[in-house]
Amino acid sequence: MAEMTDDEIAWLAKLCRIKCSQERREQLRQDLHKILGYIEQLRELDTTGVEPCNHVLETVVNVMRTDEVGETLSRKTFLDNSPDQVGGMIRVPPVLKQKS
Amino acid sequence: MSNYGEWKAVIGLEIHAELNTKSKLFSAAPNHFGDEPNENIHAVCTGQPGALPVLNKEAVHKAVQLGCALDAKVQTFSKFDRKSYFYPDSPRNFQITQLDQPIIRGGTVTTEVEGQERVFSIDRVHLEDDAGMLKHFSHFAGVDYNRAGVPLVEIVSDPCIHTPKEAAAYAMAVRAILQYIDASDCNMEEGSLRFDANISVMHKNDPGFRNKIEIKNMNSFSNMEAALTAEIQRQIQEYSQHPDKDPAEVIQQATYRWDPELRKTVIMRRKEQVDDYRYFPEPDLVPIVLKESYIEEVRRQLPELPLQRERRYVRELGLAADMAFQLTSDKMAADYFEEALTTCSNPRSLTNWILIEFAGRFKESGKQLWNSGIAASQVGELVNLIDNKTITGKIAKQVADQMLTSPGKSPLEIVKSNPDYQPVNDRDTIEPIIDQILANHQQSVSDFRTGKQKAFAFLVGQVMKETRGKASPQLVNELLIEKIGV
Amino acid sequence: MTDSICILSARELNRRFVEGELTACQITDAFLERIDRLDGKVKAFLAVYHKRARQQAKELDRKKANNEKLGPLAAIPIAIKDNMHVEGEITTCGSKFLTNYRAPFAATAVRLLEEADAIIIGKTNCDEFAMGSSNENSAFGPVHNPWALDCVPGGSSGGSAAAVAARFCPLSLGSDTGGSIRQPAALCGIVGLKPTYGRVSRYGLVAFGSSLDQIGPFAHNVEDVALIMETIGHHCAWDSTSLDTPPGKFQKALDGNLEGLRVGVPHSFLDDLEGEPRKYFEENLDKFRELGATVVDVDLDILRYSIATYYIIATAEASTNLARFDGVRYGVRSEKAKTLDEVYDLSRQEGFGPEVKRRIILGTFVLSSGYQDAYYKQAQRVRTIMIQKFATAFKNCDIIAMPSSPSTAFKIGAKQDPLQLYLEDLYTIGANCAGVPAISVPAGIASDGKPLGFQLVGPQQGDVEVVRIAAALASATGHTQLMPQLEG
C-alpha cells in the first residue's frame, strides 16, 4: 500500500467535505495508514471469477410501490428542523452557479 | 453532411425527461409542478435521516415503454447506483441513478432532417431522481424540494449527430415519442424536458476524437440549435487560430452553458479531478428483474408512435410526407388534427389550415392552436364551410382571424353574424354585376372565346372583387359561362 | 418494591399487568424511578420520556379498565437506541450534529412496538452514528458498564445494552452493523439478537452501513427476545430490503429440545482464542453435548478477512449515508459559516467526532476512482465468498457457535488505537457480511467479575431456530439469571 500523501488526504477531505486542521490531518494520515495497511490483506485473496455481492438476500428483487400519492411531510415539520428558512424555502448563503 | 469545410462536428445529446407519474420516483409525494415551495415533499425526497427509497412501479413501466418505443434492448436485470456530490438542491448529497446496468440499452430514433430521413442511435436510457430547485437572490439562495425525487429518464444518444439541425430534429423526435407513449409532459418551460450536449469538432485528418465540451440547460429547440452553432464555430475558430498547439491544450474539457442574451456559450467550470462521483450500487434498493414476457406485453400494447402515424397519414389520408411529418412530430398537433377530422373529411385542407394558416396566426403569441380555446371541431367546420361553398377561401381567412380574437365562437356563428361574410347566392344580385363586368371587358370575353382560360379567371376575379369575395364561386362560374355562351 | 418490579422479565411484567397484579402506571413509575436513581452512574439514557411513558401507561390502564384489546407487549417498558426515530422526539445518533433534530416520523420498529402497547421509556446512548465498539464515541460521553462502572459496555448500542443489564427496562432496541448488538450484550451479560438482514425494517433507523444494518432486541433472557421479535419482525412497505415473509412463531418454537442438533464450530478460524474466553466457549459447547447435540467442524477461515471487508463496505456506505448531514436542511449549521462552502465544511467539522470523520474519509477513499476496484469491489467479492462459505457450512450443521467478543469489557479509555478497537468485532462481523441471524447469550462470569458472551449464528431467515436453540442452551446454563449489583 502506497503511503497516503497529504495531498491525497486533502483531496479526499474536499470530496467528502471533512475539513481538517494541519495537525489533525497528520493524525488522520497516521490512522488511515494503519487501517489501510490492515485492509490491504484483502488483496492477497484470489477472487477471480467471483461476482461482487450486490445484495445479501439474492432472492429479493423488484420491490416496488404502486404509483399513488400518499402521506407527505408537512412543510412546517420540515422547516421546523431547518437551521434557516425564507419564504417556505431552506435558506442558504448565495450559491455560485457551478453545479455539477 | 455539414458545412464546416475540413471540419466535422460530433455531437451527443443527453435528454432528461421528467416522467408524468402521480408520485415521485422513490416516495409517495406528489409529482406536481408549480405549487408553493416545499409543498410536495416527503421524508425520502428531502433526505431525512432514516428515510428509505421505494421504487415507483409506474416509472419503471414508462421506462420500459420508452425502451420498446425506441426499439431498444430493455434489460432483464438493472440496478441503481449512488452518485455523490454536494449541492444544496441534492437532498442526500447523492443522486440515485443507474450507472453500469441501466434499464435500457441501445435503440434508435428515425426522423426527418431537412426532408431527409435519418436514423439516430441511442446508447442507453436510465432512470434517476431529479434534484430540487434553487432560487437565487442577491444575498442568499432558497431551496425548494418540490422537484426533488421526480422521476427522470436520461436518454443518452451516441455521438452520431453532426449538425445543430440534426440535434434539434433528433430532440424533437424524442419529445414526440415521449408524448405519444404518455411518459412525459415534455413541457420545456416547466423544465420537464431538458437537454445537455457533448460536442467536439474533428478535422478530416484526425485519427480520433478531440476534447469535448458539455453544454448544459439549453431550454428550447431553437436555443439548442443556436448554442450548438455557436459552439461549433468557437471550437473551429480556436483550433484554426492555434494550428501549432496541441489540440488538447486549445480546447480543454469543460462545462459551458448557453447565454441567450450574449448569444454565446459561457464557461461554467473546467473538468477537474474533483469530479469523482464515487458511484456504487445503492444498497437501499434491490435490482429490477424483468421477464421477457412482460417486456413483450408492453411492446404489444404500445400506442401508435409518431413515425407510424406519419406513415399512416401518407398512406391512408394522402397527406404529403413533409406535412404528415410536421403534423405528427407534435402529438398535440396530431391529436388535434384527428379530432378535427371527425367533423370534416378533407384531411389535406385541414392539415393546411392547422399547419400553415393557424400556425402562422399564432406565431407571434407563442401560443398553439390546440391550447388556444379554438376547438378542433371548429377548424373542421371552417374547412367544411369552404368545401360546401358556404364561404370562399378568402372569407375563410377573415373568419379564422376572428376565431383567434373570440375563441370559442364557431365559424358558422361568425359567418352568420357578419353580413359581409354572407355568401351572395341569389342570381338577381349577381346578374347585373356580371353584365356590367362583361360590358367593361369585351377583350377578355373574346379572348376566352378563343380558348384563353386565363381570361376566364380574370373575369371571375373581377366579379369577386366587385362582390368583395362574397359571391358564390359556383354561381359566378355558371352565370359567366351562360352569358358568354360557350 | 420498585426494584422487585424492575428485575422481572418482559413476559412476566406483561402477565402481571394483564392479570391485574400491576398497573401500567406502577410498572412505568418503578422503572422511571430506578432510572432516575441509578442512571447517573451508568449514563445509559440520553433522554428519559417521563411524560410520554406515563401518558402511555395511563392510556393502557384505561384500556385495561374498559376491557379493550391489549397488545402483546402491553405495559412493557422499552428503551430505544438513539439512532431510531420516535415521532416528535429528538434523535441525536450520539452526535452533536443532530442535537436539535426532531424526528418527523416514527421508525417502523418503534411504531410496531407502540401499536403492540409497549411503553417507550426513553432513548439510549450510543457511539456517534453507531460507529464504535465501546460507546466511547458518543458526543454525550461514555456509558458505564453496570458490571464494572469504570469499563465500557461495548458498542455501538452500549446504552441499550447497559439499560437492560441495569434493569432500567426489560427490553430495548439496538442496531447491529458489525456486532453492535451482540458485543455489548456479551459485555453487559445479557441477550442480544441481530436478526437476518431485512427481518426488522430499517425504516426510521438512521443508516450507517445500509447493507449491513439490522435492528434487534436486547433482553434479560431469550424468551423475551422471542416475544418482541414477533412484534418487530413484520414486513414493512417502506423498506425495500424488508423481508416479506411473516416474522415467524418464535414463542411457540421454544421447546428446549436440542437432541440431534449439529453445532458447527470454525475451529481453525478460532485458533487464536485463548484463556478464559476459550474456556467459557468450550464450556458452552460441552453444555450443548450434554443436551444431546454434536459438535462438528466447519470451515469459515474466510472470516479472517471479515474485518477488512467490513471496514471497506461499511465506511463506503456510511460516507454517502452521512453526506446528508451538511447543515443545509436540518441539524446544527455552524454559526461561523458565511458561505455555502463553510456551511458544509464547518458544520461537518464541528458536528462530527473524530471516528466519524475517519470513517467518512476512509469510505470516500475506497470508493474513489482508481481505488474502487482494489478496495470496494474486492471487498464485495470477498463478501460473496463469505455468503457462499456460510451456506456451505450450513449444509453440515444447524447452527454455528462462536464467541461474541475476544475478551470481557475493557476500561474506558484503555483502547485508543482505532484499529485495535475494530478488532473487537472479529467474531461478530461475519454475520453482518453474510446477512445471517446471530444471537449472543451470556457465557458466564470471568474471573475479573465481568461477563462473556457466547454467540450462535444461523442460516439466512433461520431466526426462529437461532432463538429456539439459544433459549434451550441458556436455560440449561442458567447464565441469563446473572445480574449486576449497582447499589451499595
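This is a predicted model: local features need pLDDT of at least 70, side-chain atom pairs count only at pLDDT 80 or more; totals for chains, interfaces and linings use all residues.
Visitor: Let's begin with sheets. In what order do the 11 strands of the open sheet in chain C lie?

Guide: Strands (E, at least two residues) and helices (H or I, at least four) are DSSP runs, numbered from the N terminus, and two strands pair if DSSP finds at least two bridges between them. Here the order is 1-3-2-4-6-5-10-11-9-7-8, with mixed pairing. Strand 1 (45-48) and strand 8 (294-297) of chain C are at the edges with a single partner strand each, so one side of each has no neighbour in the sheet. On average, neighbouring strands are turned by 30° against each other, direction ignored.

Visitor: How many bridges link strand 1 and strand 3 of chain C?

Guide: Three, in the antiparallel sense. Ala47(C), for instance, has Lys123(C) as its bridge partner in strand 3 of chain C.

Visitor: Which strands does helix 9 of chain C lie across?

Guide: For angles, axes are lines fitted to C-alpha atoms, for helices over the stretch in contact, and the values run from 0 to 180 degrees between N-to-C directions. Helix 9 (residues 275-290) of chain C lies across strands 7, 8, 9, 10 and 11 of chain C, at about 50° to strand 11. Helix 6 (residues 158-165) of chain C lies across strands 1, 2, 3, 4 and 6 of chain C, and runs at about 155° to strand 4.

Visitor: Over in chain B, what is the order of the open sheet of three strands?

Guide: That one reads 6-5-17, with antiparallel pairing. Strand 6 (94-97) and strand 17 (280-281) of chain B stand at the edges, each with a single partner strand, so one side of each is left without a neighbour in the sheet. Helix 10 (residues 306-321) of chain C packs on this sheet, touching strands 5, 6 and 17 of chain B, and its direction makes about 60° with strand 5. Touching, or contact, means heavy atoms within 4.5 Å. Within the sheet, Arg82(B) stands opposite Phe280(B) in strand 17 of chain B.

Visitor: Which residues touch the most other members of the largest nonpolar core?

Guide: A nonpolar core is a set of buried Ala, Val, Leu, Ile, Met, Phe, Trp, Tyr and Cys residues joined through side-chain atoms within 4.5 Å. The largest has 144 residues, and Leu113(C), Phe288(C), Ile400(C), Phe454(C) and Leu456(C) touch the most other members. Helix 13 (residues 373-396) of chain C gives the largest share, 10 residues. Apart from this core lies another, of 118 residues, among them Ile181(B) and Leu382(B).

Visitor: How much area is buried between chain A and chain C?

Guide: The size of an interface is often given as the accessible area lost when the parts come together. Buried area is the accessible area (1.4 Å probe) that two parts lose on being put together, summed over both. Chain A and chain C bury about 5200 Å², with carbon and sulfur atoms giving 69%. The contact takes 51 residues from chain A and 66 from chain C.

Visitor: How many salt bridges cross the interface of chain A and chain C?

Guide: A salt bridge is a side-chain nitrogen of Lys or Arg within 4 Å of a carboxyl oxygen of Asp or Glu. By that rule there are four. Arg358(C) and Asp31(A) meet in a salt bridge at 2.7 Å, N to O.

Technical notes: Residues are numbered from 1 along each chain as its sequence is written. Chains are lettered from A and ligands numbered from 1 in the order in which they are written. Side-chain values use heavy atoms; hydrogens and water are left out. Buried means under 20% relative accessible area, exposed over 50%, partly exposed in between (1.4 Å probe, protein chains only).
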